[in-house]
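My notes follow the structure.

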Amino acid sequence: MCYVKDGQAIGIGAGQQSRIHCTRLAGNKANAWFLRQSPKVFNLPFKQGIKRADKDNAIDAYILDDYMDMLCDGSWKNIFTEKPYPLTRDEKKEWLKNLKGVSLGSDAFFPFGDNIESAKKSGVSYIAQTGGSIRDDNVIETCDKYNIVMTFTEIRLFHH
(Lines give C-alpha, C1' and ligand atoms only; values in the text may rest on other atoms or scores of the structure.)
Protein backbone atom coordinates (compact mmCIF):
# COMPACT_ATOMS: atom_id res chain seq x y z
CA MET A 1 0.00 0.00 0.00
CA CYS A 2 1.53 3.32 -1.01
CA TYR A 3 0.16 6.84 -0.59
CA VAL A 4 1.65 9.40 -2.97
CA LYS A 5 1.36 13.19 -3.14
CA ASP A 6 2.94 15.27 -5.92
CA GLY A 7 5.18 12.38 -6.98
CA GLN A 8 6.47 11.67 -3.48
CA ALA A 9 5.71 8.56 -1.44
CA ILE A 10 4.24 9.89 1.82
CA GLY A 11 3.06 6.67 3.45
CA ILE A 12 3.80 3.00 2.89
CA GLY A 13 2.15 0.09 4.68
CA ALA A 14 3.39 -3.44 4.15
CA GLY A 15 3.70 -6.78 5.85
CA GLN A 16 0.30 -6.77 7.53
CA GLN A 17 -2.12 -9.69 7.52
CA SER A 18 -5.00 -7.56 6.24
CA ARG A 19 -5.58 -4.85 3.67
CA ILE A 20 -7.24 -2.55 6.20
CA HIS A 21 -4.20 -2.69 8.48
CA CYS A 22 -1.93 -1.82 5.54
CA THR A 23 -4.28 0.99 4.55
CA ARG A 24 -4.35 2.41 8.08
CA LEU A 25 -0.59 2.06 8.58
CA ALA A 26 0.21 3.86 5.34
CA GLY A 27 -2.52 6.44 5.99
CA ASN A 28 -1.14 7.23 9.44
CA LYS A 29 2.27 7.81 7.89
CA ALA A 30 0.75 10.06 5.22
CA ASN A 31 -1.08 12.03 7.91
CA ALA A 32 2.13 12.42 9.93
CA TRP A 33 3.92 13.66 6.80
CA PHE A 34 1.26 16.32 6.31
CA LEU A 35 1.09 17.31 9.98
CA ARG A 36 4.84 18.02 9.84
CA GLN A 37 3.96 20.83 7.41
CA SER A 38 1.47 22.60 9.67
CA PRO A 39 2.23 26.20 10.59
CA LYS A 40 2.46 25.24 14.25
CA VAL A 41 5.26 22.79 13.46
CA PHE A 42 7.05 25.24 11.17
CA ASN A 43 7.02 27.78 14.01
CA LEU A 44 8.37 25.51 16.75
CA PRO A 45 10.98 27.50 18.72
CA PHE A 46 14.02 25.25 18.33
CA LYS A 47 17.25 26.19 20.03
CA GLN A 48 20.18 27.07 17.80
CA GLY A 49 22.49 24.16 17.07
CA ILE A 50 19.94 21.36 17.55
CA LYS A 51 20.92 18.42 15.33
CA ARG A 52 18.59 17.47 12.51
CA ALA A 53 17.86 14.01 13.94
CA ASP A 54 16.93 15.56 17.30
CA LYS A 55 14.64 18.05 15.52
CA ASP A 56 13.00 15.25 13.53
CA ASN A 57 12.42 13.18 16.68
CA ALA A 58 11.02 16.18 18.52
CA ILE A 59 8.64 16.95 15.64
CA ASP A 60 7.48 13.33 15.54
CA ALA A 61 6.81 13.36 19.27
CA TYR A 62 5.07 16.74 18.96
CA ILE A 63 2.65 15.69 16.21
CA LEU A 64 1.95 12.22 17.59
CA ASP A 65 0.41 11.29 20.90
CA ASP A 66 3.80 11.24 22.67
CA TYR A 67 4.04 15.02 22.96
CA MET A 68 3.65 14.98 26.76
CA ASP A 69 6.84 12.93 27.06
CA MET A 70 8.69 15.82 25.46
CA LEU A 71 6.81 18.73 27.05
CA CYS A 72 6.70 17.53 30.66
CA ASP A 73 9.22 17.99 33.49
CA GLY A 74 11.23 20.63 31.69
CA SER A 75 12.50 18.18 29.06
CA TRP A 76 11.47 20.68 26.42
CA LYS A 77 14.28 23.01 27.57
CA ASN A 78 16.83 20.71 25.90
CA ILE A 79 15.29 21.36 22.48
CA PHE A 80 13.22 24.55 22.54
CA THR A 81 13.80 28.14 23.59
CA GLU A 82 10.29 28.22 25.05
CA LYS A 83 7.71 25.58 25.83
CA PRO A 84 5.49 25.06 22.77
CA TYR A 85 1.76 24.61 23.11
CA PRO A 86 0.64 21.12 22.11
CA LEU A 87 -0.89 20.49 18.71
CA THR A 88 -4.39 19.50 19.84
CA ARG A 89 -6.49 16.71 18.37
CA ASP A 90 -8.91 19.32 16.97
CA GLU A 91 -6.05 21.29 15.40
CA LYS A 92 -4.75 18.10 13.80
CA LYS A 93 -8.18 17.23 12.40
CA GLU A 94 -8.62 20.76 11.06
CA TRP A 95 -5.18 20.77 9.40
CA LEU A 96 -5.68 17.29 7.90
CA LYS A 97 -8.81 18.55 6.12
CA ASN A 98 -6.35 20.33 3.80
CA LEU A 99 -4.71 17.09 2.71
CA LYS A 100 -6.19 16.40 -0.73
CA GLY A 101 -5.17 14.98 -4.08
CA VAL A 102 -3.39 11.95 -2.64
CA SER A 103 -3.02 8.84 -4.82
CA LEU A 104 -3.12 5.34 -3.39
CA GLY A 105 -1.67 2.27 -5.05
CA SER A 106 -2.18 -1.29 -3.89
CA ASP A 107 -0.40 -4.49 -4.91
CA ALA A 108 -3.61 -6.49 -4.38
CA PHE A 109 -7.35 -5.92 -4.44
CA PHE A 110 -9.40 -4.19 -1.75
CA PRO A 111 -11.76 -6.76 -0.26
CA PHE A 112 -14.06 -4.24 1.48
CA GLY A 113 -15.13 -0.61 1.28
CA ASP A 114 -13.64 0.06 4.72
CA ASN A 115 -10.26 0.48 3.02
CA ILE A 116 -11.70 3.36 1.01
CA GLU A 117 -13.27 4.89 4.13
CA SER A 118 -9.84 4.80 5.79
CA ALA A 119 -8.03 6.16 2.72
CA LYS A 120 -10.46 9.09 2.48
CA LYS A 121 -9.31 10.24 5.94
CA SER A 122 -5.83 10.74 4.46
CA GLY A 123 -6.89 12.85 1.49
CA VAL A 124 -7.01 10.08 -1.12
CA SER A 125 -8.63 11.20 -4.38
CA TYR A 126 -7.21 8.55 -6.74
CA ILE A 127 -6.76 4.80 -6.36
CA ALA A 128 -5.03 2.19 -8.50
CA GLN A 129 -5.66 -1.37 -7.42
CA THR A 130 -5.79 -4.79 -9.04
CA GLY A 131 -9.52 -5.43 -8.73
CA GLY A 132 -10.86 -8.94 -8.73
CA SER A 133 -12.49 -9.08 -5.30
CA ILE A 134 -15.92 -10.65 -5.08
CA ARG A 135 -16.86 -7.39 -3.34
CA ASP A 136 -15.58 -5.00 -6.03
CA ASP A 137 -19.12 -3.58 -6.26
CA ASN A 138 -18.96 -2.48 -2.59
CA VAL A 139 -15.53 -0.92 -3.11
CA ILE A 140 -16.72 0.93 -6.24
CA GLU A 141 -19.82 2.14 -4.40
CA THR A 142 -17.69 3.50 -1.55
CA CYS A 143 -15.39 5.30 -4.02
CA ASP A 144 -18.43 6.80 -5.76
CA LYS A 145 -19.76 7.99 -2.39
CA TYR A 146 -16.60 10.12 -1.94
CA ASN A 147 -16.02 10.96 -5.61
CA ILE A 148 -12.73 9.04 -5.55
CA VAL A 149 -11.38 8.01 -8.95
CA MET A 150 -10.40 4.34 -9.01
CA THR A 151 -8.90 2.21 -11.72
CA PHE A 152 -8.32 -1.52 -11.85
CA THR A 153 -4.83 -2.39 -13.03
CA GLU A 154 -5.70 -6.09 -13.34
CA ILE A 155 -2.08 -6.82 -12.41
CA ARG A 156 -1.89 -8.58 -9.07
CA LEU A 157 1.53 -8.39 -7.46
CA PHE A 158 0.60 -9.99 -4.16
CA HIS A 159 -0.50 -13.60 -3.88
CA HIS A 160 -1.33 -15.82 -0.91
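These entries go from the overall layout to single contacts.

**Ground rules.** I am working with a predicted model, where local features need pLDDT of at least 70, side-chain atom pairs count only at pLDDT 80 or more, and totals for chains, interfaces and linings use all residues. Residues are numbered from 1 along each chain as its sequence is written, and side-chain values use heavy atoms, with hydrogens and water left out.

**Layout.** I looked up the secondary structure and found seven helices and five strands. Helices (H or I, at least four residues) and strands (E, at least two) are DSSP runs, numbered from the N terminus. From that terminus the order reads β-β-α-α-α-α-α-β-α-β-α-β. Along the principal axes, the C-alpha atoms fill a box of roughly 55 × 30 × 25 Å.

**H1 against H5.** At what angle do the axes of H1 and H5 cross? I read roughly 95° for helix H1 (residues 19-35) and helix H5 (residues 89-96), with the axes coming within 10 Å. Axes are lines fitted to C-alpha atoms, for helices over the stretch in contact, and angles run from 0 to 180 degrees between N-to-C directions. H1 and H5 are therefore roughly perpendicular (65 to 115 degrees).

I then listed the contact residues (heavy atoms within 4.5 Å). Asn-31, Phe-34 and Leu-35 in H1 meet Lys-92, Trp-95 and Leu-96 in H5. By class, this contact has four nonpolar residues, one polar and one charged.

**Aromatic pairs.** My search of the whole structure gave three aromatic pairs. Rings of Phe, Tyr and Trp (its six-membered ring) pair if their centres lie within 6.5 Å, and planes under 30 degrees apart count as stacked. One of the pairs is Phe-34 with Trp-95, stacked at 5.1 Å centre to centre and 15° between the planes. Phe-34 sits in H1 and Trp-95 in H5, so this pair ties together parts 61 residues apart in sequence.

I checked the pairing next (at least two DSSP bridges between two strands). Strand E3 (residues 102-105) and strand E4 (residues 124-129) run parallel, joined by four bridges. Ser-103 stands opposite Tyr-126 in E4. The chain passes from E3 through helix H6 (residues 114-120) to E4, a right-handed β-α-β crossover. Right-handed means that, with the strands pointing away from the viewer, the path from the first strand over the helix to the second runs clockwise.

E4 also runs parallel to strand E5 (residues 149-152), again with four bridges. Here Gln-129 stands opposite Phe-152 in E5. I noted that E4, helix H7 (residues 136-146) and E5 make a right-handed β-α-β unit.

Definitions and conventions
Angles under 35 degrees count as roughly parallel, over 145 as roughly antiparallel, 65 to 115 as roughly perpendicular and the rest as oblique. Ala, Val, Leu, Ile, Met, Phe, Trp, Tyr, Cys and Pro count as nonpolar, Asp, Glu, Lys and Arg as charged, and the others, Gly among them, as polar. Rings of Phe, Tyr and Trp (its six-membered ring) pair if their centres lie within 6.5 Å; planes under 30 degrees apart count as stacked, over 60 as edge-to-face and the rest as tilted.
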